[in-house]
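Q: Please go through this model with me. I want to know what stands behind each label.

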Amino acid sequence: MVFKLNSHLLSRIASSDGHGEDSPYFDGWKAYDSDPHHPTDNPNGVIQMGLAENQLCFDLIQDWLKKNPKASICSPEGLNEFREIAIFQDYHGLPEFRNAVANFMEKVRGNRVTFDPDRIVMSGGATGAHETIAFCLADPGEAFLVPTPYYPGFDRDLRWRTGVKLIPVDSDSSNNFMVTREALENAYEKAQLDNIKVKGLLITNPSNPLGTILDRETLRSIVRFINEKNIHLVCDEIYAATVFSQPDFISVAEILQEDIECNLDLVHIVYSLSKDMGFPGLRVGIIYSYNDAVVSCARKMSSFGLVSTQTQYLIASMLSDNEFVEMFIRESKRRLAARYRVFTRGLDQVGIECLKTSNAGLFLWMDLSRLLKQQTFKAEMELWRVIIHEVKLNVSPGCSFHCLKPGWFRVCFANMDDETMQVALSRIKTFVNKEADTKKSRKNLRWQGSLKLLNSPRIYDDFINSPHSPIPQSPLVRARN
């Protein structure tokens, strides 16, 4: 209330709702924060399934840290490096940090591509990287095309402070949410008709929230599209190492090495260690651009959101350990695949389907449309409130991802231990079975009501005495008539 009364004292940006906190996506987080589940202290609390975190491999990280104490300048073994690291403030970043990140990005992509460390620009997480790219490529009022459904945070990251617009590129479940050339053209043409200048196309590969990857032909089609339109292509590849089954991930960097016509100045990659390594709190975001001017400008802008040198030093040491990196990537994929199998098997037991083409990410795209009272987004929100407040699970409704059809929900499965996952599955099964029993009871009540009407003597007499009755009338009845 105080904020609203004093809003006239603030800037337009500060007093706007551009952050998107009123979205059900963030409302779910608030519900969890006010009543968080704990196995002993609060066993009936809300389980957080709306946060895409990778907590399945922290034991591997902890083991490495124990074996490599010099990687931290705050340990007795690493103390000798404290002074030099603490005073380093070059916004280019530590050379060994950029070299190690480039090496890691190559390994995640199967060593099929190479990355130039001098083109790596650091940022405060992928959030900062996306905003920096938007500042570099577009002016207020200009737009990026974004295939739906897309990560709700993009509405904040790319729009709030930059004044850039996002134009949805429609996709739906009829073709497993594939990005088609027709849909891209339609969105581009609509922007032209609305007199909005399109400066770029933003894609997420692997997709958040779908957990799918773009195949080679789709990527080639996208590259041809942006090249013909002379607009930028921003590829969010922050889930690249979470692809846990075939087919393998294909980076746009791989497509650019093929025989395809493309102005490389138009292509930029956003990456981070938040999802692939499970380090969201370290705020390691990366911009990799093939455009020299963008690299130069983004590096200057990175002064507003640098990665701390202490973090750079640690990450440089860890990601330079090739044996550890290869083992981590391999084991992370195995654990994600195992968790995915257990979770989808549990959902399948109560007839809940998920997008079949998913093979990446830290979440499922779950279809609950059969539980909607009506096939509307209003009904989707009603179901979401029940799941949040009664089932006590924070899942994210499809409308917050700009999904075209109601009934889809994103549910994260890698941010909890096995015991919590089993509790979550148990709650889902109990809820779905209860809904099924309720529907069956309602159906039986309607059927019983119909039988009572049919068994009514008056109704029966009226029915058989009607000249339109299919029941043959007796001579006595005919005589009465």
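A: The secondary structure comes to 17 helices and 13 strands. This is a predicted model: local features need pLDDT of at least 70, side-chain atom pairs count only at pLDDT 80 or more, and totals for chains, interfaces and linings use all residues. Residues are numbered from 1 along each chain as its sequence is written, and side-chain values use heavy atoms, without hydrogens and water.

Q: What makes a run a helix or a strand in that count?
A: Both are DSSP runs, numbered from the N terminus: a helix is H or I over at least four residues, a strand is E over at least two.

Q: Why is Cys 57 called buried?
A: Buried means under 20% relative accessible area, exposed over 50%, partly exposed in between (1.4 Å probe, protein chains only). Cys 57 has 4% relative accessibility, so Cys 57 counts as buried. Buried residues make up 51% of the 481 residues in the chain.

Q: What makes Cys 354 buried or exposed?
A: Its relative accessible area does. At 11%, Cys 354 is buried.

Q: How many of the contacts join residues at least 24 apart?
A: Contact means heavy atoms within 4.5 Å. Among contacts between residues at least 6 apart in sequence, 73% join residues at least 24 apart.
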